[in-house]
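Hi,

Here is the structure I promised to pass on. Have a look at it first, and my notes follow below.

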2 protein chains.
Amino acid sequence: ALAAPALAQTAMPEVRWRLTSSFPRTLDVLFSTPELIARRVATLTDNKFRISVFPAGEIVGGLQALDAVQAGTLEAAHTASYYYVGKEPGFAFFTAMPFGLNTRQMTAWLRHGGGRELQDTFFNEYNIKAIPAGDTGAQMGGWFRNEVRSLADLNGLKFRIAGFAGQVFQRLGAAPTQVAAADIYPSLERGTLDAVEFVGPHDDERLGFVRVARNYYAPGFWEPGARLHFMANQRAWDALPDLYKAAIEVACAEADSEMVSKYDHLNPLALRRLVAAGAQLRFWPREILQAAWRESNALYEETASKNPRFKAIWDSYKPYRTDQYQWFRVAENSFDNFAFAAAAQQ
Amino acid sequence: ALAAPALAQTAMPEVRWRLTSSFPRTLDVLFSTPELIARRVATLTDNKFRISVFPAGEIVGGLQALDAVQAGTLEAAHTASYYYVGKEPGFAFFTAMPFGLNTRQMTAWLRHGGGRELQDTFFNEYNIKAIPAGDTGAQMGGWFRNEVRSLADLNGLKFRIAGFAGQVFQRLGAAPTQVAAADIYPSLERGTLDAVEFVGPHDDERLGFVRVARNYYAPGFWEPGARLHFMANQRAWDALPDLYKAAIEVACAEADSEMVSKYDHLNPLALRRLVAAGAQLRFWPREILQAAWRESNALYEETASKNPRFKAIWDSYKPYRTDQYQWFRVAENSFDNFAFAAAAQQ
């Protein structure tokens with residue numbers, strides 16, 4: 001017989017937080033990520049720490065998430081750091097950079113390559129504790145009304161794309177445009193927009209772009225992965241018991257890989273349906289990739305020369321990217337290249 | 001002023017488990033994975049649930065981990081399912097298959113593609129609760145005393161390689177050999193072995209193979225990722241409070257991505273040192289990859305025709321691989337191919 005274990009009593013205070021997502025419920029993989037975190041945290045704290053998750057727009061707008069958390073209007077948000085590049089360009093590093101680190105490389109940089117420390121220093125200025133929580137994997141390059149055969153075809157192209165990616169396309173001659181979410185579909189239909197990019201097959205299918213722009217380009221070279229973050233107001237974070245902080249951290253680590261695994265599972269199924277619905281899968285002409293690679297790197301160097309906070313991160317990110325790219329070519333990429341092609345020939 | 005939160009008292013029983021790793025302390029990324037799980041579980045249970053982690057050989061041998069957990073000699077182990085293919089071939093699916101799913105694809109299959117349910121059914125026969133907990137990423141193809149220029153060069157080659165990978169190499173004409181861990185290095189030095197494979201640059205460097213076999217091949221097409229598992233005795237698992245089960249599950253999910261991110265961080269640094277120490281980085285001749293692809297698939301079909309438990313898993317794994325390979329070519333692989341090459345040309 002086993003001796004009955006000694007019972008210890010652990011004090012768990014009741015805590016209630018409100019979290020805004022930057023996404024609507026319809027983007028289910030994105031929206032379910034903070035829900036997963038909230039469920040895990042509740043289980044790990046015997047339901048004493050409850051986080052209520054609200055879709056974008058219900059309390060604050062999707063792009064006001066950071067401001068609301070900074071001000072303490074809400075305790076937390078699930079959002080993309082790069083939505084806030086208008087405040088300062090360094091925000092881009094923590095989500096996605098054109099020709100930046102891919103999903104696994106980004107995790108390695110954030111956890112072991114110095115990224116986490118840079119992220120903590122960066123967000124400290126905003127009174128925010130930021131924890132990586134989800135990734136999209138490499139994204140698609142978006143939906144184009146007309147085929148893009150050369151660099152010249154980008155000239156004046158009205159493309160809904162923001163941030164650094166928008167700046168890169170501007171340098172390539174395109175006309176990056178900001179259009180509110182609700183207006184994207186009608187703008188594309190009317191031709192006020194020539195092209196739009198969002199995430200990948202699963203989300204893009206829900207937004208219905210295939211019906212008005214059939215040329216679906218790969219890859220989304222400006223998002224070789226896009227990391228989402230759980231962001232907490234620093235004062236609210238500091239007030240948590242250690243066990244609750246640990247519960248959030250470990251739940252975010254779980255959600256971090258869970259989100260991309262959902263996309264990896266769902267995207268092949270969605271892509272097949274999209275192709276059946278008339279999507280023309282196309283790959284970027286090489287001259288566009290080459291020009292975009294050149295302009296992206298030039299843009300980073302220019303930005304670093306003007307912005308010391310950006311430079312501090314770029315000085316870590318840039319050599320890390322070199323090392324990661326070099327290593328991933330050896331085992332991962334050489335496997336993928338052979339095996340994926342062999343399977344396609346069967 | 002804020003109202004003081006109500007305090008709830010949660011009963012947490014004292015629980016002590018012993019866990020054996022299948023690895024020695026010197027293989028630090030592998031060995032530290034269950035240590036990370038144990039630390040997280042302790043934090044999440046206010047130190048009431050303590051798991052002591054022992055290296056291979058201290059309580060039971062590395063390859064006896066599953067037997068010990070099945071029998072209840074120990075409550076838990078951190079090991080590789082495919083070490084036990086001698087019991088039945090289905091064990092291979094949960095770690096790595098030649099030309100199988102890569103790391104992200106494997107996570108998607110296990111979490112969303114039906115893999116978890118198949119895994120649970122499979123391990124139930126062994127009285128074991130198995131939870132994915134760590135991955136190596138795509139491995140290297142090992143160290144060869146002589147260059148391998150063609151399929152003919154594999155003829156009679158004494159290669160230390162086990163399981164399905166060993167069977168594939170046997171079909172290619174090689175002589176797969178089982179050599180105890182301690183004898184690998186001297187066997188390679190004496191020429192009793194012509195070649196050996198282990199994991200990748202970080203671990204391989206610690207084992208010192210570069211000093212006696214300089215040709216370092218990529219990729220390890222038989223391990224496009226290798227998943228490790230936390231395995232618990234089913235009766236010990238069932239006796240845990242729900243909160244402790246949740247603590248193990250979430251800690252394993254964290255460790256699952258943490259292990260590969262450590263490898264991703266460390267491998268580029270180790271590869272550079274190995275090349276400086278004289279390693280000749282080489283890629284498999286195409287005819288070897290093609291023959292291995294053919295023989296791997298033939299072997300799976302033959303095994304499935306003889307073994308219904310293997311077949312039940314293969315019937316899920318095979319079409320999942322087709323879908324994943326097809327999708328990953330589109331965004332991930334097309335990004336990686338361009339960007340990695342562009343960076344190398346700078």
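**What I found**

Let me start with A:E147, which counts as partly exposed at 30% relative accessibility. (Buried is under 20% relative accessible area, exposed is over 50% and partly exposed is in between, with a 1.4 Å probe and protein chains only.) Its salt-bridge partner is A:R149, the N-to-O distance being 3.3 Å. A:R149 itself is exposed, with a relative accessible area of 59%. By salt bridge I mean a side-chain nitrogen of Lys or Arg within 4 Å of a carboxyl oxygen of Asp or Glu.

Some housekeeping. Residues are numbered from 1 along each chain as its sequence is written, while chains are lettered from A and ligands numbered from 1 in the order in which they are written. This is a predicted model, where local features need pLDDT of at least 70, side-chain atom pairs count only at pLDDT 80 or more, and totals for chains, interfaces and linings use all residues; side-chain values use heavy atoms, with hydrogens and water left out.

**Chain A as a whole**

Chain A has 11 helices and 12 strands. (These are DSSP runs, H or I of at least four residues for helices and E of at least two for strands, numbered from the N terminus.) Its radius of gyration is 21 Å, close to the 20 Å that the globule rule gives for 346 residues, so chain A is as compact as a globular protein of that length. (The radius is taken over C-alpha atoms, and the rule is 2.2 Å times the number of residues to the power 0.38.) Of the 346 residues in chain A, 63% count as buried. Taking contacts in chain A with a separation of 6 or more, 79% come from residues 24 or more positions apart; contact here means heavy atoms within 4.5 Å.

Helix 3 of chain A (residues 103-112) is largely enclosed by the rest of the structure, because 9 of its 10 residues are buried. After helix 3 comes A:G114, whose phi is positive, near 100°.

Over all chains, the search turned up 42 salt bridges. One of them joins A:R104 to B:D264, with the closest N and O atoms 2.8 Å apart. That pair crosses between chains, running from helix 3 of chain A to helix 9 (residues 242-276) of chain B. Both A:R104 and B:D264 are buried.

Then there is A:R171 with A:E295, the closest N and O atoms being 2.7 Å apart. A:R171 sits in helix 5 (residues 163-171) and A:E295 in helix 10 (residues 286-306) of chain A, so this pair ties together parts that are 124 residues apart in sequence. At 32% relative accessibility, A:R171 is partly exposed. Elsewhere, A:R111, A:D135, A:R227, A:D256 and B:E258 are joined into one network by salt bridges that share partners.

**Rings**

There are 82 aromatic pairs over all chains. (Phe, Tyr and Trp rings, the last by its six-membered ring, pair if their centres lie within 6.5 Å; planes under 30 degrees apart are stacked, over 60 edge-to-face, the rest tilted.) Among them, A:F144 and A:F159 form a tilted pair, 5.0 Å centre to centre with 50° between the planes. It links strand 6 (residues 142-144) and strand 7 (residues 158-160) of chain A, the two residues being 15 apart. Both A:F144 and A:F159 are buried.

In chain B, B:Y84 and B:F91 pair edge-to-face, at 6.1 Å and 65°, and both are buried.

Over to you!
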